[in-house]
Amino acid sequence: MDRRTFLRAAVIGTSTSVAFGFSVAPQALAFPAQTGTSPYGGLQAADANGLMLPTGFTSRVLARSTQTVPGTSYTWHSAPDGGACFADGTGWIYVSNSEMSSGSGGAGALRFNSSGSVTGAYRILSGTTRNCSGGATPWGTWLSGEETDLGYIWETDPKGATAAVRRPALGRFSHEAAAVDPDRRVIYLTEDEPSGGFYRFVPTTWGNLSAGTLQVLRESGSTLSWVTVPDPDGSPTRTRKQVSGMKVFNGGEGCYYRNGTCFFTTKGDNRVWAYNAVNNTIAIAYDDNLTPNPPLTGVDNITAATVGDLYVAEDGGNMEICIITPNDIVAPFLRVTGQSGSELCGVAFNPAGNRLYFSSQRGTSGSSSGGITYEVTGPFRTSL
């Protein structure tokens, strides 16, 4: 039996109600997402910014690393990475991490008015290391994770009015993304290690991350359970080595929660996972070995549109952001040309869902100082 057939059989054997779509309601069992045609059609020739987009979509360069953001006095940070959008009156704010080492990381923000013009740019976190991805909270903060051994989660204010706070209760490990589950009042966390875990943090008081319980997903036979990590500070024994039988995930990356399901990516095996929090089951939503001519490789940051489409950025591959539809079709949504030495990250929609933000971490130069942050505007679909 080849690997593809074996894995499909394994998925069917899980008896999960997740059909790799976006509803918690039981659906007809589907295989992991298959290569197909995007609902937006094929990609057009590269535009003036080097982006290949579907018909009707346009791009705009918002900021370049080491350069002043136009119309502001703020110098955009190097190595832009994970990001998210937050409502700000009639406008919105886009936050972006900086994956720089040795205390040179952190996060910055762009402020937009109701018409989409940039009205401000500023720092919201400084002095941290390799801030890779993170997650937005329902109470309006950005959780920024340090992708370094014994890294922290930092809770930041997108408006920049309140100083960032370190949150050691969420564990010290090589943090990637965070996704808040308001239904169970927990926060899911991914770990960027080949033998990494999939965690959840249960706050003592919802909305307050100063105290709580860190747990990791354990697998015993076909049963999943959440087990408390005895020593969240990870020293001397790292968190991923403290719980026997912990389910191992090969290089956890992006993480996104919606309607009872937490979707997260693992770069070591190019997979998108669907953890059904309602039924406590897990399934493979995408695997590049389970579809011919896979368009999506180097899976990284992930977000979703209101309609249910997932958008997954590539670290490598063809420098694409790919779409995974609720009916299990995977296809390129956009491609960045002339930047093979970079990676795409920071995918996020504005509150209205008609503008998509992302960064090319190293741009055309292949250097951290060459990062470029983009906006894509167009007829994003609102119904299936």
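These notebook entries record what I looked up in a predicted model.

**Entry 1. Ground rules.** I noted that the model is predicted, that local features need pLDDT of at least 70, that side-chain atom pairs count only at pLDDT 80 or more, and that totals for chains, interfaces and linings use all residues. Residues are numbered from 1 along each chain as its sequence is written, and side-chain values use heavy atoms, with hydrogens and water left out.

**Entry 2. The open sheet.** I looked up how strands β12 to β16 are arranged. Strands here are DSSP runs (E, at least two residues), numbered from the N terminus. Five strands form an open sheet in the order β12-β13-β14-β15-β16, and the pairing is antiparallel. Two strands are taken to pair if DSSP finds at least two bridges between them. The edge strands are β12 (175–181) and β16, each of which pairs on one side only. From one strand to the next, the twist averages 30°; axes are lines fitted to C-alpha atoms, and angles run from 0 to 180 degrees between N-to-C directions. I reminded myself that strands of a sheet pair through backbone hydrogen bonds.

**Entry 3. Strand β13 and its neighbours.** I followed β13 on both sides.
- β12 and β13 pair in the antiparallel sense over 5 bridges, in which Ala179 has Tyr188 as its partner and Val180 has Ile187.
- These two strands form a hairpin with 4 residues between them, and Arg185 in the turn has a positive phi of about 55°.
- β13 and β14 pair over 4 bridges, again antiparallel, with Thr190 opposite Phe198.
- The hairpin of β13 and β14 has 6 residues between the strands.

I then checked burial, where buried means under 20% relative accessible area, exposed over 50%, and partly exposed in between (1.4 Å probe, protein chains only). In β13, 6 of its 6 residues are buried. Val186, Tyr188 and Thr190 lie on one side, and Ile187, Leu189 and Glu191 on the other.

**Entry 4. Thr190.** Thr190 is buried, with a relative accessible area of 1%. A polar atom of its side chain lies 2.9 Å from the backbone nitrogen of Ala177. Leaving out residues up to four places away in sequence, Thr190 touches residues including Phe173, His175, Phe198, Cys255 and Phe264 (contact means heavy atoms within 4.5 Å).

**Entry 5. Aromatic pairs.** I searched the whole structure and noted 29 aromatic pairs. Rings of Phe, Tyr and Trp (its six-membered ring) pair if their centres lie within 6.5 Å; planes under 30 degrees apart count as stacked, over 60 as edge-to-face and the rest as tilted. The rings of Tyr188 and Phe198 are stacked, because their centres are 5.7 Å apart and their planes stand at 15°. This pair links strand β13 (residues 186–191) with strand β14 (residues 198–205), its members being 10 residues apart. Both Tyr188 and Phe198 are buried. Phe249 and Trp273 form an edge-to-face pair, at 5.2 Å centre to centre and 85° between the planes. Phe249 sits in the loop between β16 (223–228) and β17 (252–258), whereas Trp273 is in strand β19 (residues 271–276), 24 residues apart. Phe249 and Trp273 are both buried. I also found that these four residues belong to one aromatic cluster, whose members include Trp226, Tyr257, Phe264 and Tyr275.

Entry 6. Strand β8 (residues 131–136) is largely enclosed by the rest of the structure, because 5 of its 6 residues are buried. β8 and strand β9 (residues 142–146) pair in the antiparallel sense over 4 bridges, and Asn131 stands opposite Glu146.

How values were computed:
A polar contact is a pair of N or O atoms within 3.5 Å; within protein, one must be able to donate a hydrogen and the other to accept it, and residues adjacent in sequence count only if both atoms are side-chain atoms.
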